[in-house]
Every structure is written in structure tokens, then in C-alpha cells.
Amino acid sequence: MTILITGATGTVGRSLVAELTAARMPVRVFVRDIDRARAALPDQVQFSVGDFTDPASLRQAVRGVDQVFLAAPNHPDQLAWESAVINAAVAAGVPRLVKLSAHGAGLGSPVAFWHAHAEIEQVLAAAAIDAVVLRPTTYATNLLAGFDAVRAGVLAAPAAAARVAFIDPADVAAVAAAVLLRGSPQRVLTLTGPSVLGFDQAAEVLSGLLERPVSYVAVADDDALAALTAAGAPPWFAENVVRVFAALRSGLAGFTTETVQQFAGRAARPLAVALGSRLRRGQPALS
């Protein structure tokens, strides 16, 4: 049984490749940059080089595979990209597809990322393929996006008093692997970390891991937007990240589920474990 993974060099994708290769499953990865992929992934994976906008490369990628894990970066063209993969998989007769979505996905969401996920989920629901959608809450590793500032002692975010069940991307990968290997009776799975924490508590966790004080500083949306764009984030992306924080302040991610325990057979990893693992691998920034 060969499994195709898109987004294999991303935050969840790398861990999923590791999970599946450890289970001795044949894995094919769809990548644009073969050199980056070879440097990041195990030698035993099959590499299929192409682009979401290249139908011929997608047809080649899905040929002969039994399942697809679909992940793509947040981008204005995400709906077109992921729909192209779904259509290619259906045309090739692939039996099952697992899509990485997000908690908060909904048509008309002010967060363009989440509106796009909902549109893609609609495309998937109408397609002639068995599908499971994974909707994780906020990734724990997002706390390291501004690692230089964190290392200097400041965790700044427009989160106010938001409380979030931060999830380890490795736990998302573990659930994805379980669904790919054993299936799921549920069509939509909501994934969270094991506990709900404020950003002040997250700063305390970072303090312990870095062995230096880290303080949470709540900033205004406008200041966060300015900082993101100054750091090089495209305006569209930066504006939607700020809207994500508005949703978090409303309580969107302030709950827990047992999905990781149910599918991975173990409890979801605490924030300290999730961040500690990332820091030990020398990967503080998002990939």
C-alpha cells in the first residue's frame, strides 16, 4: 500500500513521513524542491517532483497510490491547489484521501485560511472518494515563530487573555498515520492538545525550556500586523494571522478532545514536550 504525501517537508508532513516509514509503509512524496526534500526526508521515500499547478505532474504523483495525505500552505490559491490534487486522485481511482484542515474551518469565516479549508472540504465531500478531514487547533510550534524575540525574553502576541489547547504537530501526524493505516469511522476529527493554557503560561513553559525568563506581552492587532509585515510576511498572510488571534480571543480553541488518545493510543503531548522536542532538533522556526 503506497501512500502519497503532499506538504511532506512541512510541520506535520515531516513527522507523518517518519511515522509511516517507521511502520514500513511505502511512502511517495510530492515536492517542488527535490534538493530540500532529500535533505529533510529519509532515503527510502519515493520522490515525485511537480507542482500543484501542473496537472501532468499530479497525474504522475497519484498513479498507483492507495491513499493520499493532502496538505498545502496557506495561500490565496490554496483552493485551486488542493482541488487539483483531489481531482487527480479521483481520476486515478485512489480509494482514500486524508485532508489536513484546521479547527475554525467554515464558509464565510473572516479568516481566509479557514474559509478556503471549508471550500476544499466541500469539494472533497462531493468527490467520489473516501475522505477523512483533520481539524487541529493551534500548533504549539507557532509559539516559536518569533524565536529571536522569545530567546531575548519576550513572547509577544495579540492574544490578550486567550486560552488555547496547543497541539504538537507530531500528534497531528500520529493521528493522520493511524487514519491512513487503519481508517476512521468519523469523517471529521478535531484534534487538540491535552490542556488549555494562556499565553502567559506558555511563556512560563518557554522560560523553563530556555532556562531564562520569558514574559508574555499582549500587543494590539495593529502592532502585531505591523510587526509581521516588517518581518517580511505578505500583507494577505499577516492580516489573516491577526484574524486568527481574534478568533482565539473569542474562545475558539479553549477546549480539549480525546482524539489523539483515541487514534494514536497515547495522550496528546504537553506543551513543554512539544516545544522541547522542536528546540532539541534545532528547528525553532516554522517550516
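This is a predicted model: local features need pLDDT of at least 70, side-chain atom pairs count only at pLDDT 80 or more; totals for chains, interfaces and linings use all residues.
**View 1. Arginine 135 meets glutamate 121.** Here two side chains, those of arginine 135 and glutamate 121, come together in a salt bridge, with 2.5 Å from N to O. Why does this pair tie together parts that are 14 residues apart in sequence? Arginine 135 belongs to strand S6 (residues 130–136) while glutamate 121 belongs to helix H5, so the link runs between a strand and a helix. Arginine 135 has a relative accessible area of 21%, which makes it partly exposed. Glutamate 121, at 11%, counts as buried.

**View 2. Aspartate 130 meets arginine 187.** Strand S6 shows up again here, because aspartate 130 lies in it. The side chain of aspartate 130 forms a salt bridge with the side chain of arginine 187, and the N to O distance is 2.4 Å. Where does arginine 187 lie? You'll find arginine 187 in the loop between helix H7 (169–182) and strand S9 (188–191), so this pair ties together parts that are 57 residues apart in sequence. Are the two partners buried or partly exposed? Aspartate 130 is partly exposed, with 31% relative accessible area, and arginine 187 is partly exposed as well, at 36%.

View 3. The side chains of arginine 269 and aspartate 168 make a salt bridge at 3.7 Å, N to O. Both sit in loops: arginine 269 is in the one between helix H11 (259–264) and helix H12 (271–280), and aspartate 168 is in the one between strand S8 (163–164) and H7. That's why the pair ties together parts that are 101 residues apart in sequence. Which residues share salt-bridge partners in one network here? They are Asp168, Asp171, Arg266 and Arg269.

View 4. Now back to the loop between H7 and S9, which is where serine 184 is placed. Is serine 184 buried or exposed? Its relative accessibility is 9%, so serine 184 counts as buried. What does serine 184 touch, leaving out residues up to four places away in sequence? The list is Val132, Val179, Leu189 and Phe263.

**View 5. Where domain 1 touches domain 2.** Let's finish with the two domains. Domain 1 covers 3–136, and domain 2 is pieced together from 138–167 + 193–254 + 267–286. Their centres, taken over C-alpha atoms, are 26 Å apart. At the place where they touch, 15 residues of domain 1 are in contact with 14 residues of domain 2. About 1200 Å² of area is buried between the two, and carbon and sulfur atoms give 71% of that. On the domain 1 side, the elements that give two or more residues are helix H1 (11–22) and helix H5 (112–126). Sorted by class, this side has nine nonpolar, five polar and one charged residues. How many salt bridges are there between domain 1 and domain 2? The count is zero, although three residue pairs between the domains are in polar contact.

Technical notes: Residues are numbered from 1 along each chain as its sequence is written. Side-chain values use heavy atoms; hydrogens and water are left out. Domain bounds come from an automatic or database domain assignment. Contact means heavy atoms within 4.5 Å. Buried area is the accessible area (1.4 Å probe) that two parts lose on being put together, summed over both. A salt bridge is a side-chain nitrogen of Lys or Arg within 4 Å of a carboxyl oxygen of Asp or Glu. A polar contact is a pair of N or O atoms within 3.5 Å; within protein, one must be able to donate a hydrogen and the other to accept it, and residues adjacent in sequence count only if both atoms are side-chain atoms. Helices (H or I, at least four residues) and strands (E, at least two) are DSSP runs, numbered from the N terminus. Ala, Val, Leu, Ile, Met, Phe, Trp, Tyr, Cys and Pro count as nonpolar, Asp, Glu, Lys and Arg as charged, and the others, Gly among them, as polar. Buried means under 20% relative accessible area, exposed over 50%, partly exposed in between (1.4 Å probe, protein chains only).
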